[in-house]
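Here's a quick briefing to read alongside the structure. Take a look at the chain first, then run through the points below.

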Amino acid sequence: MKKKILLLLCFLMTLNLLAQQGECVKLGKLKTGATVSFIKQPEGYWGIEISGGATPKIFQEKPVKIEINESEEKIIALSAGYKTIKKTDSEILCFAEIVHGREVKFNLSDEWKLEGNIVSVKRKVEVIGNASGGFNSSITFTVDPSFQWNDLNCFIPGALYGDPAYNGERSLGGTMNYNAKRFFI
């Protein structure tokens, strides 16, 4: 009897460990063969990953970024993973929270969709509290370091259409940002 109980406990512990590691919720597959997934991190929050096919791995363990501008000299960067996610038929709803001191809490909800070869996100930011200064919200991605900058061909509607040569030097998708190997929009 003890052996059966011990075996059952080991089995349940193994299932629990497997459930905690590598949890993955798929948004869908791009025409390129890459899969857009939300991956649960060992710390318990969710990140996003786009990988597979001919696409280099693109990921972000903490997709929620808040930059707080307390003054021109003092800018504070905060980040978080999603606390919870919820999959529906056509999207994944993600929720995060970032607390700044005792005064301010940011509740963020992101609505991720996949249509054809386009991944889109719609963000809602709710600020609870009050503090001086302002803030910015962003989503950033890391591209597999084995992939070279010159291999990228970015499309950002209204800002960049692949080659930045005709976008102007100082435009969002212009040659200065391209040469700096970043696009900040």
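Predicted model: local features only at pLDDT ≥ 70, side-chain atom pairs only at ≥ 80, totals over all residues.

The protein chain carries two helices and 14 strands, and its mean pLDDT comes out at 81.

**Confidence**
- 80% of the residues in the protein chain reach a pLDDT of 70 or more.
- Strand E8 (residues 91–100) has the highest mean pLDDT among the elements, at 96, while helix H1 (residues 2–20) has the lowest, at 43.
- Over residues 4–21, pLDDT stays under 50, and the model shows zero contacts there beyond four places in sequence.

**The chain as a whole**
- The protein chain has 185 residues, and 25% of them count as buried.
- Its accessible surface is about 12500 Å², with 55% of that belonging to carbon and sulfur atoms.
- Take the contacts between residues at least 6 apart in sequence: 34% of these join residues at least 24 apart.

**The second largest pocket**
- This pocket has a volume of about 160 Å³.
- Its lining is made up of 14 residues, and the ones nearest the centre are Val104, Phe106, Ala131, Ser132 and Gly133.
- Strands E9 (104–115), E10 (118–129) and E11 (134–138) are the elements that each give two or more residues to that lining.
- By residue type, the lining of the second largest pocket splits into six nonpolar, six polar and two charged.

Conventions
Residues numbered from 1 in each chain as written. Heavy atoms only, no water. 1 Å grid on protein atoms, 1.4 Å probe; cavity = no way out; pocket = protein on both sides within 12 Å on 5 of 7 lines; lining within 4 Å. Points joined across faces, edges and corners; volume = space filled by probe spheres on them. Helix = DSSP H or I, 4+ residues; strand = E, 2+ residues; numbered from the N terminus. Nonpolar A, V, L, I, M, F, W, Y, C, P; charged D, E, K, R; others polar. Buried < 20%, exposed > 50% of the residue type's maximum accessible area, 1.4 Å probe, protein only. Contact = heavy atoms within 4.5 Å. Areas by Shrake-Rupley, 256 points an atom, 1.4 Å probe, with all protein chains shown as cover. pLDDT = per-residue confidence, 0-100.
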